[in-house]
Amino acid sequence: MSSDDQLSLNIHTGACSTARRKPLSGQERWLLKKQKAEKRKLGSEVSAETTSFKHKKTDAMASPSKTTPTPTTPREAPPTKTPKKQKKREGGGQGRGDKRGREAGEKTGHEGGFIKTSSLFNHNPDIPDLDRPVVSEVKEKVFTSDSFSNLDLHPHLVATLDKVLGVSTMTSVQKQTIPALMSGRDAVVRSQTGSGKTLSYGVPIVQSLQAVQPKIKRADGPLALILVPTRELAQQSFQVFQNLVKPFTWIVPGVLMGGEKRKAEKARLRKGINILVSTPGRLVDHINHTLNMVFSSVQWLVLDEADRILDMGFEKDLTVILNSLNSTGPARQNVLLSATLTQDLTRLADLCLKDPVSIQVSDPASSEVATSTSSSTQPASQSESFSVPEALKQHVVLVPSKLRLVCLASFIMDKCKFSQGNKMIVFMASCEAVEFLLTLFKSVLCGPSAKHKPLNLLRLHGNMKQEERTEVYEEFSASKSGILLCTDVAARGLDLPQVTWIVQYNPPVSTAEYVHRVGRTARIGAKGNSLLFLTPAETAYIDELANHKISLSEMKLYDILYTLMQDDAYKGRGKYHSKTSSSALQQEVRERATVLQTEFENVVHADKETVQAAKKALQSFLRSYTAYPTALKHIFHIRSLHLGHAAKSFGLRDAPQSLSNATGPGAKRGGKHNKLEDKAEMKLKMKMREASLLTSEFSSGLDGLNLQNTEKKTKEAVSFGTGPTEQRGDQLDIMDSLNRD
Ligand SMILES: Nc1ncnc2c1ncn2[C@@H]1O[C@H](COP(=O)(O)OP(=O)(O)OP(=O)(O)O)[C@@H](O)[C@H]1O
């Protein structure tokens, strides 16, 4: 155990202090929880003073790094251990103590319960002062004043848009895209998240299909094929089509997606589906195994979230689908859409689409619809600049690893327990982390409270059963408040109403993913907020985002932790009262954060299973850290992580033995590398290398360097044109083993 972690804050633990030396039965645990809840209730009723603290917040608390030095971080206070005398003094305070008491005798032998707590505020890296880079953000106008009725649409379609979907005026992307598609052109469309891209292809598809004479029949099979990267998005797009075809009852929309029963899907395919929405993997499955999968009538192909679908994980599936379409189908219109289509993808589209229109709402030049994709004349930096909604307020908080867990918990309580009307999505790096933190937060943060509504915590990730995924998606979609912990499975395309906060607890692997994650809020002109968690060592990521024209403002760690002053359940020594100095207030905030962290750790260490779950979550976090692309390795490198500190952010008291060897220069176990992680990293690196080789082959026809040798191959691999093409072969098998939802 590290000396850092052995420091003790002595808090009197009360009557329960010796009650839990041996593991408790479920019923005993429940009883203790109940007692604790009672205490909390009492605390919050008794202490009226804390409710007014927020108003009395001092400047020192608001911006500790810019004011009087405080003993918060090493820069603010040298990393000295708490003097013994002080420790003793701290021991006189009151604490919550029931669980903590169990440790009293074990750790220190003090009678009456000195407990071991985390030393959260020592030996942390400095939090640097941020020089916010100057960024001129890319602006997009969401709405126009033009009505759908100005377009040459079937009157029933206009009425359905108005009455069923509640839309009458077009957004900018719709105004530009719908006429272009109705004129028969292929299109590449980029506009910000939540700007109405679904209707910009949905409306022209339905308009064209309802006009087909003689009327289309179910037996004609798919006439439009819409590919989307996730199941939830498939459901959502399918619902939009269900609404749009309401007046045209002879047109049948359908959805295929992983996790559903194949047999039922086969039966529906046999009956006939005219507008088919699918995830690529499930469609390939049906292409390979379903006799009724006939593509001979397909007139429309849409790749929604095209950059995601065209990227490595989906490439093989897409190749199979395109080859299948090209071998049988007539000429068709192709549409690629995303909020983050990069220059490279646009150029790939140049090769594969037939004379496509390029629509970029943020580009003033494209307000006149361009008739060619000559966007390669734009400077490269411009092509990588993404537009985010104007009403989105983006924040970043710099948090040392050890404090991440209490910081997230405080933030959640601030927005969803102590304030009302917030609905939050928290993005995390892995399914295991989502599962683990859900259980931990439910156990520690969701206890009954007299004053506050219980937190409504949900989770969504790729390892859940489909029925549960659907249930959660629908529940969160319908609720006015709540917190959804999730992986990137929820990052793309989901239109979840009234989300007010997006938290990125783990930074995304690319700027594009950043844009999609924050795009789950501030949709269609609404207001929204986002918060990105970075450790001090990851500060350079702010510049990385600025290079893509994304600007963040800083939120101070102490401002977030200050939330704990609103709940006396986390009371420290109890010596603080509103008239004492600001440094006493800061000390109280630190103590409360320590109480909360200690409670997390006690819950984690209460039994072997929770410790195992925490280790698994930690391990998955470490693994995810190796997955950042080479271009970001200077910011996110596994070797710069401190294993012990990272462990704390999963409620573990120490770096686990099984991952015990150091993972970075700051680690404390003799500087040896963690073999497990090294192995995982090596494996991943090999995969990435192979993948990048394949990608470079895939894209080499685009950069003009190896044009002669590879252009043919590239065209064959992903050709959106008509006519049969050769199978690309099995080179892309490696992609299967890369993660995807
Ligand atoms: N013309 C319109 N007027 C008002 N609301 C609209 C209009 N068009 C679409 N919407 C609504 O805007 C929301 C966002 O639309 P949509 O999901 O298509 O956005 P998107 O651009 O595809 O977002 P993302 O890039 O995140 O996938 C939906 O709730 C949709 O009903």
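For the classes used here, Ala, Val, Leu, Ile, Met, Phe, Trp, Tyr, Cys and Pro count as nonpolar, Asp, Glu, Lys and Arg as charged, and the others, Gly among them, as polar. On that basis, the shell around the ligand in this predicted model has six nonpolar, 10 polar and five charged residues.

**The ligand and its surroundings**

The ligand is surrounded by 21 residues, and Thr169, Gln174, Lys197, Thr198 and Asp495 are the closest of them.

| Residue | Ligand atom | Distance |
|---|---|---|
| Gln174 | nitrogen | 2.8 Å |
| Thr198 | oxygen | 2.6 Å |
| Glu305 | oxygen | 3.1 Å |

On its own the ligand has 640 Å² of accessible area, of which the protein covers 86%. Two elements give two or more residues to the shell: strand S4, spanning 169-171, and helix H8, spanning 197-211. Thr198, whose side chain has a polar atom 2.6 Å from a ligand oxygen, is also one of the closest residues to the ligand. Gln174 likewise belongs to that closest group, and an N or O atom of the Gln174 side chain lies 2.8 Å from a ligand nitrogen.

**The pocket that holds the ligand**

The ligand takes up the space of the second largest pocket. This pocket contains about 910 Å³ of space. Its lining consists of 40 residues, and those closest to the centre of the pocket are Gly196, Thr198, Asp495, Arg523 and Ile524. Strand S4 and helix H8 each give two or more residues to the lining, as do helix H9 (231-244) and helix H18 (466-478). Helix H9 supplies the largest share, namely six residues. By class, the pocket lining comprises 14 nonpolar, 19 polar and seven charged residues.

Note on methods:
Residues numbered from 1 in each chain as written. Predicted model: local features only at pLDDT ≥ 70, side-chain atom pairs only at ≥ 80, totals over all residues. Heavy atoms only, no water. Near = heavy atom within 4 Å. Polar contact = N/O pair within 3.5 Å; in protein donor to acceptor, adjacent residues only side chain to side chain. Areas by Shrake-Rupley, 256 points an atom, 1.4 Å probe, with all protein chains shown as cover. 1 Å grid on protein atoms, 1.4 Å probe; cavity = no way out; pocket = protein on both sides within 12 Å on 5 of 7 lines; lining within 4 Å. Sits in = over half its atoms within 2 Å of the grid points. Helix = DSSP H or I, 4+ residues; strand = E, 2+ residues; numbered from the N terminus. Points joined across faces, edges and corners; volume = space filled by probe spheres on them.
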